[in-house]
Amino acid sequence: MANYYNIDDILAEEEFVPVVFHKAANGVIIDPSSETNSVEQGAKVELPLWLAQDLYLRQAISISVPACFNQRTRLEIQADAACVDLKSRSPYFYEFGCKIAPLVGDKTIEILLLSAFKIRYKEILTKAYTAAYTTASKFLTLLTKEESNLYEAAQVSMSAFKKWRMGGPRLQRASVLGRKRRSFE
Amino acid sequence: MQEEGLEVQTARNADHYGALVHHLSLIRNKRCLMAYVYNRAEIIRDLAWKVGLLHELPCEIKEKFSDSEEQYFKDHSKSLKMYMSQLSLDVNVDMVPPKDPYIKVRVLEDLGSGIILSDKSANFASHSMHFLKRTDAEQYIARGLMEELIS
């Protein structure tokens, strides 16, 4: 139940997966280019993951490997995992892979995700502690949402440590108030 | 019963799956809306805890609340206050014991005169400096109305 309200989980399930319908479905417009508002048997469409998961459980479709885990990505990760732009493929790369793996029946996805994450994690930690702002911003565009959370956590703990060393003011304006909000005009 | 089972199977035609897709979309929309309201409620709880219970929120924040959210904020602050008064312990203050119970502050905004603090009453005109007890000053600093002076 912890994932029901979790916004990252909801967004991760929005990613599209290619499916093949086994049963026809009437009265729904899934394929925007079809003339009738129904899907026939054997049609190939892209569905969001939340829909695909439930239809798979009721045995109406079969799911194939999504585009972000194709051969090109795998080769790039094997070459150098730290420089692969995972965000352009999908900002929820790891969560998406974890959910997809039991549905597609592809055992290699887990190994792929694990190796990519291990190498990138090392890079994230070193960059968080040492990089200046200008060089780091190019690296940040490559990170998925989960990895950028880790990066921010590392930076926050680093600045908290520095503040503790130097003994800055303990009482501060509440951070919730800090952002400038637009008022209704 | 066997016949009924067979009939259900053949009744799973195209309309059934169409209705299923529609139903799943509804459930999905419900989940998105619930998550939105839940996360807003979490932010409101944070506000009540940090900014000070039942104090006035800045108007840019307040005008974005819906009516039930305002009520939620008030009820949550009330319950926290009641809890703290039953314990007779203010759990909202800084957890680290300070070296000095008094602190020097400068007032950033005009708060009016005759505000009663725990040990004296003070006149908080803008840009005036005061020497306050740490616990009193904390609520004003958290709301951004004062700042601490580190000499």
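In chain A, helix α2 is followed by A:Gln59, whose phi is positive, near 60°; helices (H or I, at least four residues) and strands (E, at least two) are DSSP runs, numbered from the N terminus. This is a predicted model, in which local features need pLDDT of at least 70 and side-chain atom pairs count only at pLDDT 80 or more, whereas totals for chains, interfaces and linings use all residues. Residues are numbered from 1 along each chain as its sequence is written, chains are lettered from A and ligands numbered from 1 in the order in which they are written, and side-chain values use heavy atoms, with hydrogens and water left out.

**Chain A overall**

- Chain A contains 9 helices and 5 strands, and from the N terminus its elements follow the order α-β-β-β-β-α-β-α-α-α-α-α-α-α.
- Of the 185 residues in chain A, 36% are buried, where buried means under 20% relative accessible area, exposed over 50%, and partly exposed in between (1.4 Å probe, protein chains only).
- Among the contacts in chain A with a separation of 6 or more, 66% are between residues 24 or more positions apart, a contact being heavy atoms within 4.5 Å.

**Helix α2 of chain A and its partner in chain B**

- Helix α2 (residues 49-57) of chain A and helix α2 (residues 14-51) of chain B have axes that come within 10 Å and cross at roughly 130°; the axes are lines fitted to C-alpha atoms, for helices over the stretch in contact, and angles run from 0 to 180 degrees between N-to-C directions.
- The two helices are therefore oblique to each other, given that angles under 35 degrees count as roughly parallel, over 145 as roughly antiparallel, 65 to 115 as roughly perpendicular and the rest as oblique.
- The crossing of α2(A) and α2(B) is right-handed, a crossing being left-handed if the near helix is turned anticlockwise from the far one by less than a right angle, and right-handed if clockwise.
- On the α2(A) side the contact is made by A:Trp50, A:Leu51, A:Asp54 and A:Leu55, and on the α2(B) side by B:Leu20, B:Val21, B:Leu24, B:Ser25 and B:Arg28.
- By class, the residues of this contact divide into 6 nonpolar, 1 polar and 2 charged, with Ala, Val, Leu, Ile, Met, Phe, Trp, Tyr, Cys and Pro counted as nonpolar, Asp, Glu, Lys and Arg as charged, and the others, Gly among them, as polar.
- Within α2(A), A:Leu49, A:Trp50, A:Leu51, A:Ala52 and A:Leu55 are buried, and the buried residues of this helix pack against α1 (7-12), β1 (16-21), β4 (44-48), β5 (61-63) and α5 of chain A together with α2 of chain B.

**A:Ile63 in strand β5**

- A:Ile63 lies in strand β5 of chain A and is buried, with a relative accessible area of 10%.
- Leaving aside neighbours within four places in sequence, A:Ile63 is in contact with A:Val17, A:Pro18, A:Val19, A:Ala52, A:Tyr56, A:Leu103 and A:Val104.
- The C-alpha atoms of A:Ile63 and A:Asp80, which are 17 residues apart along the chain, are separated by 29 Å.

**Helices α6 and α8 of chain A**

- Helix α6 (residues 108-130) and helix α8 (residues 145-166) of chain A pack at an angle of about 30°, with their axes 9 Å apart, and are therefore roughly parallel to each other.
- The crossing of α6(A) and α8(A) is right-handed, and by class their contact has 10 nonpolar, 2 polar and 3 charged residues.
- Residues of α6(A) that meet α8(A) include A:Phe117, A:Arg120 and A:Ile124, while those of α8(A) include A:Glu147, A:Leu150 and A:Tyr151.
- A:Glu147, found in helix α8 of chain A, is buried, with a relative accessible area of 0%.
- Leaving aside neighbours within four places in sequence, A:Glu147 is in contact with A:Leu86, A:Tyr94, A:Phe117, A:Arg120 and A:Ile124.

**Aromatic pairs**

- The structure holds 9 aromatic pairs over all chains; rings of Phe, Tyr and Trp (its six-membered ring) pair if their centres lie within 6.5 Å, and planes under 30 degrees apart count as stacked, over 60 as edge-to-face and the rest as tilted.
- The rings of A:Tyr94 and A:Phe117 have centres 5.1 Å apart and planes at 75°, so the pair is edge-to-face.
- This pair links distant parts of the chain, with A:Tyr94 in helix α5 (residues 93-104) and A:Phe117 in helix α6 of chain A, 23 residues apart.
- A:Tyr94 is buried at a relative accessible area of 5%, whereas A:Phe117 counts as partly exposed at 24% relative accessibility.
- Ring pairs link A:Phe69, A:Phe93, A:Tyr94, A:Phe96, A:Phe117 and A:Tyr121 into a cluster.
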